[in-house]
Amino acid sequence: MLKIDFYTLTSFTKVGQNKYTQLAIRHLTSEQYQKSFDEIFDIALNMADTQEQANYLSDLMAVSTQYIDIHQWYNLLEEVLQFFEYPMPKDIGHLHRDLSLQHLRLLENVGENSITETIMNLEHYQLEEQELGLKLMAPIALYARIENWEKFKWIALEIVNHAIENGKSEVTPLGCLALSKYMIARYESVPEAVEYAEAGLSLVSATQDNWLLSRFKCDLATYIIPWATMTSKSFDMLEEAFELIRNSEDEYQRNVIKLRYLQYQVFCGYSLENAKKLLVEKFGNDEMKTMPDIVWSLMHLMQLSNITREESKEKVIMILDSEPSLYEGNLLHPMLLLLKAVHLTATSEDRQNNLDALRRILDRFKYWAGYSSEVFQGWVYFMEAEWRWENEEYETSNQLYSSAFETIAIQQSAMKCLIKLRQLSQWAKKEGKSERTNSLYQKTLQQYEIFDDAEAIASLKHRFKNITE
C-alpha cells in the first residue's frame, strides 16, 4: 500500500482548483481550519462528481469534530445535507416518533442473532447516490462531548439499520461506534455496546486507515473498555492508538491520546505529577491537548491533597453539576456519584430519603461491577458501607470500608487513601477522640505516606489534629 507523508502530500495539493486534497484536510491545524474552511467548502460545492463530493465533505465533517462544538456541527450538517436530499427529522416530536421506529427496526434486524454475527456477516455494499448523506452524518461518532443525544442516537441507528438492511459500507464502523457510545452514556446494555464497538473496530481495522483507526481505538479505550473489563486494557489500547500516528503529522490526535491517558491515570489514583512523568516515559513528552479551564480545575481539586480538605468536595460537585457533559459516558460520572453520596449524608437530615438515594446509587454500581469488577467492585463495597452507616449498621459498614480498601489493587493509590479517609471521618464524627479513631488515623496516615504526597499528609494532619493532640 502506497504511503504518502504530509510534505509529499502537500506538494500535490495545488492541482487546478483543488487546493486541498481529502488527505490534506485531515491534517489541518485549528488555525488552518478556520482560515481555509470557506475555500474548502466552495471547492466541495463545485465538484461535479457526487461520490467525490460526498467523500470530500465527509472528511471536512470529520475534521470539524475537532474544531467546532457539536451545535455548530449540527448546523453544518443541516446545510450540507441539502445538497444530498437525505431525509432527517427536524421537528422534535417527529424525531422522538422516528427514534421509536428506528429502535424497533434494530430489534427486528438483529433478531435472534448476536450483534457481532449480524454485523460481521454482512455483504459489502456501495452507497448509492441517494444514500450519500450517511457519509456526512457518520463522523459525529468522533465527538468527545455530545449534546442533543436524541439526534445523535437517530444518526447512529440510521447508519446501523441501513447496514443490516443493505450491507456494510464505509460508514458502518462509525455507526457502530456512535451507537456503542450512546448505549454506555445512557445506561443501556453494556455487553451490547461492547459488541457494536468491537464489530466496528474489526471493520475499520481492515481499511488500514490509521487516521481513523487511531481515533476509533482512542474512543474505545476511553468510553467503552473501562465499563466492561480491566482499566489496564484502556491504557494498552491508548498506546496502540498512539503508535498508529506516532510518525505522522497528526499532532492533534497525539495530544488527545496523551490527555486521555493522563486523565485515566488520575482516575486510577495516581497524582498529576506521577501521571505526567508516565506520559514522558510512554510517549516522549507530556505535551497534550489543552484541557478546558473547568476540567483542569477539576483535576487539581481531585488531587489527594485537595480532596482531603472537606471544602474541596463541595467544589468538585459544583463544577460537575454545572457541566454535566464532562462526565456523561466517561469515568468521571461514577466519581461524581461517590462524592454526591458522601455529600448527601453530610448535608441532609432526611434519613429515609438518604437511604433511598444511596440504595439507587449502590444498585448502579452493582450493575457496572457486573461487567467490570476490577474498576467498580471496590466502589460497590464503599457504597454499601455508606448505605449501612446511614442505616446505623456501623460495624457492618466498617467491615465494608475495609473490603473496599483491600479490593483496590494499586498500593500507591489515592483511592486507597480516600477510602481510609472516609472510614476515619465517619468514626471521628461519631466518637471523636477514641482508641478506635486514633488507630484509624494511624492507618490512614500510613497509607498517605505510601502515596508520598507531603501536601496531602499536611492536610490530613491539620484536619484531624483534635484526634492526635
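Which residue's side chain meets that of Lys-217 in a salt bridge? Select Lys-217 together with Glu-240, whose side chains meet at 2.9 Å, N to O; a salt bridge here is a side-chain nitrogen of Lys or Arg within 4 Å of a carboxyl oxygen of Asp or Glu. The pair links distant parts of the chain, with Lys-217 in helix H12 and Glu-240 in helix H13 (residues 231-245), 23 residues apart. Helices (H or I, at least four residues) are DSSP runs numbered from the N terminus. Lys-217 counts as buried at 15% relative accessibility, whereas Glu-240, at 37%, counts as partly exposed; buried means under 20% relative accessible area, exposed over 50%, and partly exposed in between, with a 1.4 Å probe and protein chains only.

Before going on, note that this is a predicted model, in which local features need pLDDT of at least 70 and side-chain atom pairs count only at pLDDT 80 or more, while totals for chains, interfaces and linings use all residues. Residues are numbered from 1 along each chain as its sequence is written, and side-chain values use heavy atoms, with hydrogens and water left out.

Next, select helix H12 (residues 210-224) and helix H14 (residues 251-267), whose axes come within 11 Å and cross at roughly 15°. The axes are lines fitted to C-alpha atoms over the stretch in contact, with angles running from 0 to 180 degrees between N-to-C directions. That angle makes H12 roughly parallel to H14, a term for angles under 35 degrees. Show side chains where the two helices are in contact (heavy atoms within 4.5 Å): among the residues that meet are Ser-214, Arg-215 and Cys-218 in H12, and Tyr-252, Gln-253 and Val-256 in H14.

Arg-254 is buried, with a relative accessible area of 11%, while Glu-251 is partly exposed at 36%.

Now move to helix H15 (residues 272-283), where Lys-277 and Glu-273 are four residues apart and so separated by about one helical turn. Their side chains meet in a salt bridge at 3.8 Å, N to O, and Glu-273 counts as exposed at 55% relative accessibility.

Key:
Parallel < 35°, antiparallel > 145°, perpendicular 65-115°, else oblique.
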